[in-house]
Amino acid sequence: MTAKNAQKAIKILTQYERLANKYGLRLSEQKIQELNVLRDNGLIRASNLPAKLRNEFPGEFSEMNLNEIRAY
């Protein structure tokens, strides 16, 4: 586990909406709201994200939520 990968994981978990637009993924308003609630509580995980973003996610953090990665 490296600090650089931790930063990448945090970026993906917090900027999923921008990244989804970048990759041309369509997220419904309901899905965005669900992800926003999880993000705001620090409970969002890679498994909550669309597959394209999960593929970009550093594997060593895949089982951790945002709060756990930040604490790392």
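1. A residue counts as buried when its relative accessible area is under 20%, as exposed when that area is over 50%, and as partly exposed in between. Tyrosine 72 has a relative accessibility of 44%, so this residue is partly exposed. These values refer to a predicted model.

2. On the overall build, the chain contains 5 helices and 0 strands. Read from the N terminus, the order of its elements is α-α-α-α-α. The chain has a radius of gyration of 11 Å, close to the 11 Å given by the globule rule for 72 residues, and is therefore as compact as a globular protein of that length. The C-alpha trace spans about 30 × 25 × 15 Å along its principal axes.

3. Of its 72 residues, 31% count as buried. The chain exposes about 4,600 Å², and carbon and sulfur atoms supply 45% of that area. Among contacts with a separation of 6 or more, 62% are between residues 24 or more positions apart.

4. How many aromatic pairs does the structure hold? There is 1 aromatic pair. Its members are phenylalanine 61 and tyrosine 72, with ring centres 5.5 Å apart and planes at 70°; the pair is edge-to-face because planes over 60 degrees apart are classed that way. The two residues are 11 apart in the chain: phenylalanine 61 sits in the loop between helix H4 (51–56) and helix H5 (66–71), while tyrosine 72 belongs to the segment after H5. Phenylalanine 61 is buried, at a relative accessible area of 0%, whereas tyrosine 72 is partly exposed at 44%.

5. Threonine 2 touches both members of this pair: leaving out residues up to four places away in sequence, its contacts are Glu60, Phe61 and Tyr72. Threonine 2 lies in the segment before helix H1 (3–14), and its relative accessibility of 40% makes it partly exposed. The side chain of threonine 2 also reaches the backbone nitrogen of asparagine 5, at 3.2 Å.

6. Is isoleucine 44 buried or exposed? With a relative accessible area of 0%, which is under 20%, isoleucine 44 is buried. The residue is placed in the loop between helix H3 (29–41) and H4. Not counting residues up to four places away in sequence, isoleucine 44 touches Leu13, Tyr16, Leu35, Leu38, Arg39, Leu49, Met64, Asn65 and Leu66. Isoleucine 44 and alanine 6 are 38 residues apart in sequence, and their C-alpha atoms are 14 Å apart in space.

7. Asparagine 65, one of the residues that isoleucine 44 touches, is found in the loop between H4 and H5. At 9% relative accessibility, asparagine 65 counts as buried, because the cut-off is under 20%. Neighbours within four places in sequence aside, asparagine 65 is in contact with Gly42, Leu43, Ile44 and Arg45. A polar atom of the side chain of asparagine 65 lies 3.1 Å from the backbone nitrogen of asparagine 67.

8. One further ring deserves a look. Which residue lies over the face of tyrosine 23? That residue is lysine 52, at 4.8 Å from the ring centre.

Notes:
Residues numbered from 1 in each chain as written. Predicted model: local features only at pLDDT ≥ 70, side-chain atom pairs only at ≥ 80, totals over all residues. Heavy atoms only, no water. Phe/Tyr/Trp six-rings, centres within 6.5 Å; stacked < 30°, edge-to-face > 60°. Helix = DSSP H or I, 4+ residues; strand = E, 2+ residues; numbered from the N terminus. Buried < 20%, exposed > 50% of the residue type's maximum accessible area, 1.4 Å probe, protein only. Lys NZ or Arg CZ within 6 Å of the ring centre and 35° of its normal. Rg over C-alpha atoms; globule rule 2.2 N^0.38 Å. Contact = heavy atoms within 4.5 Å. Areas by Shrake-Rupley, 256 points an atom, 1.4 Å probe, with all protein chains shown as cover. Polar contact = N/O pair within 3.5 Å; in protein donor to acceptor, adjacent residues only side chain to side chain.
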